[in-house]
Amino acid sequence: MIRAGRQHLVRTLADLAAQQGVGIDRYAHLKPYAAEGFPAPISSQGSRTRLYDGEQVDAYLLGKPVPPLPDGEDDDDLLDRRECAALLGVAPNSWDIYKKDPALAEARTEAGGVDHWPRRAVKTFQASRPGRGAAAIRGGRPERTGDQVPRDQVPALTAELLDADPATSAATVTDRLGVHRDTAQDALTRLRAERIADRIEADPSLTPAEAAAQLGYPAGQVRRATTRAGTILRARHAAPYLAGVAAAVHRAGWTAQEAVPDVQFPGDDRVVAALVLDNDRAPAPAVVWDERYGWRTATSRRHPITKGAVLPSEGGGVRYLTGGITPPPGDVVAALTTADA
């Protein structure tokens, strides 16, 4: 947690390495932060990015007593995703759904490259969120009616049911939330796949089936989820590359903002990403990356990825860019500017 008023003091391992005049790889190899007496990270346990309080680190490096951080809770404390989830009493994956709430999205701030939210905003959301009571009072889905819960609330409410019982079935979600069976099954598959992927990232020696078993998911309920989990992991691995292409396209002046490509998982077993080029001077309305075929142009900004990720034929504004599956970002830009790429 970042104590109130101390966001400007946050430092990453890269910051500490630069402070010591060494590269991050060398710093991570030496691990001076593991020495006895070195200030503890202010990031939550298990976080991918270690964050430190600069005032504490400076004192340690100067051989001075390390000043303690303020005690107690302050509404202006900044919490990371794990800490927000703990405050709500849910799993971190559930927070990943809740954080899309407009009020929380507006309150989000970044420190050390990590998303944080003020304690005040989380508490306000906690008081108003569609909680367990909303799920508990649902009496099932009447016949021949639409979903009884708004679609944007289904993932969060399903996550709460899954938190309470890892063996929750689609029939249970349907009964408790009053949604269609397909809606319930899709929500469970997506949530379980994300959590299986998280478990494998924490322990790469696990198979998807082993991770699912550790999470308490019945084998007969997670075939789609385990397949999708592998796809999610590949998407996460590809994310830095896709972000690099997005940055190169933005530098070329074809996007107003350096947006992260929209990633989809058609069929649960493929990674496809779309990057909309919103400048009228751009060489195409959008570009699409498919982990099987690499980059191609698209003719629609609104629907750049064809339904079911069916491979479109070349022509009529669609062309496949040369360079393999993951050409360097600069090569993607060059191919887009070459008419016969």
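Two strands are said to pair if DSSP finds at least two bridges between them. This tour of a predicted model will rely on that term when it reaches the sheets.

**The whole protein**

Begin with the entire chain in view. The protein contains 14 helices and nine strands. Its C-alpha trace spans about 70 × 60 × 40 Å along the principal axes. Of the 341 residues, 40% are buried. The protein exposes about 17800 Å², and carbon and sulfur atoms supply 50% of that area. Now colour the charged side chains: 42 are positive and 44 are negative, and the centres of the two sets lie 4 Å apart.

**First stop: a residue in a loop**

Select K31, which lies in the loop between α2 (24-30) and β2 (51-53). Most residues other than glycine have a negative phi. K31 is not a glycine, yet its phi is positive, at about 55°. Its relative accessible area is 44%, so K31 is classed as partly exposed.

**Second stop: the sheet of three strands**

Next, select β3, β4 and β5. These three strands form an open sheet in the order β3-β5-β4, with antiparallel pairing. The edge strands, β3 (78-79) and β4 (109-111), each pair on one side only. Look then at helix α7 (residues 119-128), which packs on this sheet and touches β3 and β5. The direction of α7 makes about 65° with that of β5. Between β4 and β5 (residues 114-118), which run antiparallel, there are three bridges. Which residue of β5 is the bridge partner of T109? Select H116 to see that partner.

Move on to β6, β7, β8 and β9. They make an open sheet in the order β6-β7-β8-β9, and the pairing is antiparallel. β6 (262-264) and β9 (294-298) stand at the edges with a single partner strand each, so one side of each has no neighbour in the sheet. From one strand to the next, the twist averages 25°. Strands of a sheet pair through backbone hydrogen bonds.

- β6 and β7 are antiparallel and pair over three bridges. Here V263 has A273 in β7 as its bridge partner.
- β7 and β8 also pair in the antiparallel sense, over five bridges. Select A274 to find it opposite V288 in β8.
- β8 (residues 286-290) and β9 are joined in the antiparallel sense by five bridges. The partner of V287 in β9 is T297.

**Last stop: a residue in a helix**

Finally, select V333 in helix α14 (residues 329-337). Is V333 buried or exposed? Buried means under 20% relative accessible area; V333 has 16%, so it counts as buried. Show the residues around it: leaving aside those up to four places away in sequence, V333 touches A248, V249, A252 and W254. V333 and P283 are 50 residues apart in sequence, while their C-alpha atoms are 9.7 Å apart in space.

Methods
Residues are numbered from 1 along each chain as its sequence is written. This is a predicted model: local features need pLDDT of at least 70, side-chain atom pairs count only at pLDDT 80 or more; totals for chains, interfaces and linings use all residues. Side-chain values use heavy atoms; hydrogens and water are left out. Helices (H or I, at least four residues) and strands (E, at least two) are DSSP runs, numbered from the N terminus. Axes are lines fitted to C-alpha atoms, for helices over the stretch in contact, and angles run from 0 to 180 degrees between N-to-C directions. Buried means under 20% relative accessible area, exposed over 50%, partly exposed in between (1.4 Å probe, protein chains only). Contact means heavy atoms within 4.5 Å. Accessible areas come from the Shrake-Rupley method with a 1.4 Å probe; for residues, only the protein chains shown count as cover. Lys and Arg count as positive and Asp and Glu as negative; His and the chain ends are not counted. The place of a charge is taken as NZ of Lys, CZ of Arg, CG of Asp or CD of Glu.
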